[in-house]
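Okay, thanks for making time, everyone. I'd like to walk you through how one structure is packed inside, so let me put it up on the screen.

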Amino acid sequence: MATVAKTEGIKAFSATHDWESADYEPTLPVSEMSNPLTRNIDRAPASSIVKMLQACDAQMFQEKSGAAYERLLSDQVAKSLMEVAKRVQLILKNPQDSLIVLSGCGTSGRLAFFITSGFNRELRRLNHSAVCSYIIAGGDRALFSSQEATEDDPISGALSLKKVSEGKKRVLFIGISCGLSAPFVAGQLDFCLQHPDVYTPVLVGFNPTHQARNEPIPGCTFTFHSVVTKMRELAKMQKAFLINPVLGPEAISGSSRMKGGSATKILLEVVFSAAHAANFSRTPITYNGILQHMRSYGKVLDITYSQTEGIAALMEAAGRSLQCGRGLCYLSWGFLGLLGLIDASECKPTFGADYKDIQGFVGGGCKELGSKEGDLNLMGAESGIAHIDFLHNVLPCLTDKDTVLLLYSHSDDVDEVAKLARRVREKTSNMHAVYHQTDGDTAAQQGEINKLCSSTLNFIWPQATPASMGLQHMWELSTKLVLNAVSTGAHILKGKVYQNYMIDLQVTNSKLYCRATCLLQRLSGHPKSLCEEALLKAIYQVDKLTEDIMTCNLTTHTHTARKVKKVVPLALVCLLTGYSIKEAQSHLEQKPIVREAVEACLREQTLFSGSL
């Protein structure tokens, strides 16, 4: 069985890039396609999973030659980044009555907070006034817990932008929507278009503009597509900007937390770094400078994935913990900790995970990170994110079945790392570390920490030159890639992925409802109407839909779906087998790995028909 899995993993890894052909999943935008490289990732061993993820991430940096779409390193993308960087520089030069606002939903909103916080921190270090603000759909609660429903509210988006920029005479608004689909962001962009004397809108996303979502938004006269069309016209006069390279399908279909999140971080850091250098170091913003900076991020991928075996070992450890009902904890310091918190928070909507499955903790918690709303009460006392919360709520219950991952660099207080590592080691031997250092600069305590840990991924980075990207950005992207790989791989090993689809996603907003319906179509081969019917039966836990259910609006459906587990797996088993909801639930309880449950059901039906 292991040989078969390994062979399938290699076959998927070596698949051609046929996602660009016109007849490959033609009804889907690129961000929702399945990636041919990962078609059987759910049956691959950890080592092959890491190689598949590496191949998918490498797609971001493929040169355009012969490609159907603009890419990350394409001419138009570099030119757009230059122009936006110049707008940022103008605000840095004359910050009075000016503001830069980054906004998004889910992962995009979390990265808006992450990038804004880092840029403002650097400005304050130079005694310059902070010029950035962030907006995330659902407010600061959404930074570390899922608040997916707010994504569907364009009015809330517009009002939040109006509030944060009140009194400003010049606002550069950067809206992030990986699939060009979030109504919350569409509402903000439309608000900018209505007030061109104040706002210059920038849209960051990863589909070609003709694939922007064109479904009506309740209560609005615009769609995301119509907003993008207007922006495309204004872009010709540089009154709006579109940054929309196509990255290729995600490793797990639609999981924009991965490539979409990484590319968002890369693009916006290139913009802000170029503007910062122009304003404070008198370094001109040039086309070649932008491209060189972008390519340097590609080298981060090479350094990170050079430790494939170590990442695979971490993935296996985390997978074993999840398989036996235990958890994975990220213990971190500084802004690497924020990446741990973000990764942990994304697992609930993506994989239907419990918040205790993967948890993140960072030094002083929210106060250290600088969120606008301060110390957040996310989900009760158990959900604190400071190290003290870990010590009180998690450490006493730790066993060797749990996995603990330390995330730090040589610029952190390594004495504190060693102190906490000693306490964790008293409870579990299943402790690992991800450690970043520059060439020749190792903390004295590192040897002790290595002995306390079962494994250490030690990333050694070349000393940054003034013209290159900052080390901090290297460490951050590398950490994000490792954590995405570990948490995704762990959930794959737990059985939360079917082929390369996130089968157990939460259906908590219109985007996820549409994604779930399309997924059922692809996996069952049944028409859309039948798939939507099966989805609603799973949401409401009934075998027959009543008129009341059929006449409910989408908001009611998604609100109800939040309380139900395994909605999409239930619907899929029912579609493929004709089982009732209770029968399907029984099979999924017996075999929690969805692909195994479906195959067992189909075998059972074949045996039953053969006996008649």
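Let's start with Phe272: leaving out residues up to four places away in sequence, Phe272 touches Val88, Ile100, Leu102, Ile115, Phe119, Cys132 and Ile174. Before I go on, keep in mind that this is a predicted model.

So which residues touch the most other members of the largest nonpolar core? Phe272 is one of them, along with Ile100 and Met294, and that core has 147 residues. The element that gives the most to this core is helix 16, with 11 residues. There's another core too, lying apart from that one, with 29 residues, among them Leu99, Leu180, Val227 and Val228. As background, nonpolar side chains in soluble globular proteins tend to be buried together.

Okay, on to helix 16 and its neighbours. Quick reminder: we describe two packed helices by the angle between their axes and the distance between the axes.

Take helix 9 first, residues 287–305. Helix 9 packs on helix 16 at about 50°, and their axes are 9 Å apart. Roughly parallel would need an angle under 35 degrees and roughly perpendicular starts at 65, so helix 9 is oblique to helix 16. The crossing of helix 9 past helix 16 is right-handed. On the helix 9 side, the contact uses Tyr297, Val300, Leu301, Thr304 and Tyr305, and on the helix 16 side it's His473, Met474, Leu477, Ser478, Leu481 and Val482. Sorted by class, that contact of helix 9 with helix 16 has 8 nonpolar residues, 3 polar and no charged ones.

Now helix 2, residues 46–58, which packs against helix 16, residues 471–494. Here the angle is about 130° and the axes are 10 Å apart. That makes helix 2 oblique to helix 16. Helix 2 also passes helix 16 in a right-handed crossing. Who meets whom? From helix 2 we have Ile49, Leu53 and Asp57, and they meet Leu481, Ala485, Gly489, Ile492 and Leu493 of helix 16. The residues in this contact of helix 2 with helix 16 split into 6 nonpolar, 1 polar and 1 charged.

Last stop, helix 11, residues 334–351, where Ile342 sits. Is Ile342 buried or exposed? Its relative accessible area is 6%, so Ile342 is buried. And if you want a distance to check in your viewer, Ile342 and Arg422 are 26 Å apart in space, C-alpha to C-alpha, and 80 residues apart in sequence.

Note on methods
Residues numbered from 1 in each chain as written. Predicted model: local features only at pLDDT ≥ 70, side-chain atom pairs only at ≥ 80, totals over all residues. Heavy atoms only, no water. Axes fitted to C-alpha atoms, helices over the stretch in contact; angles between N-to-C directions. Helix = DSSP H or I, 4+ residues; strand = E, 2+ residues; numbered from the N terminus. Parallel < 35°, antiparallel > 145°, perpendicular 65-115°, else oblique. Left-handed = near helix turned anticlockwise from the far one by under 90°. Contact = heavy atoms within 4.5 Å. Nonpolar A, V, L, I, M, F, W, Y, C, P; charged D, E, K, R; others polar. Core = buried A, V, L, I, M, F, W, Y, C linked by side-chain atoms within 4.5 Å. Buried < 20%, exposed > 50% of the residue type's maximum accessible area, 1.4 Å probe, protein only.
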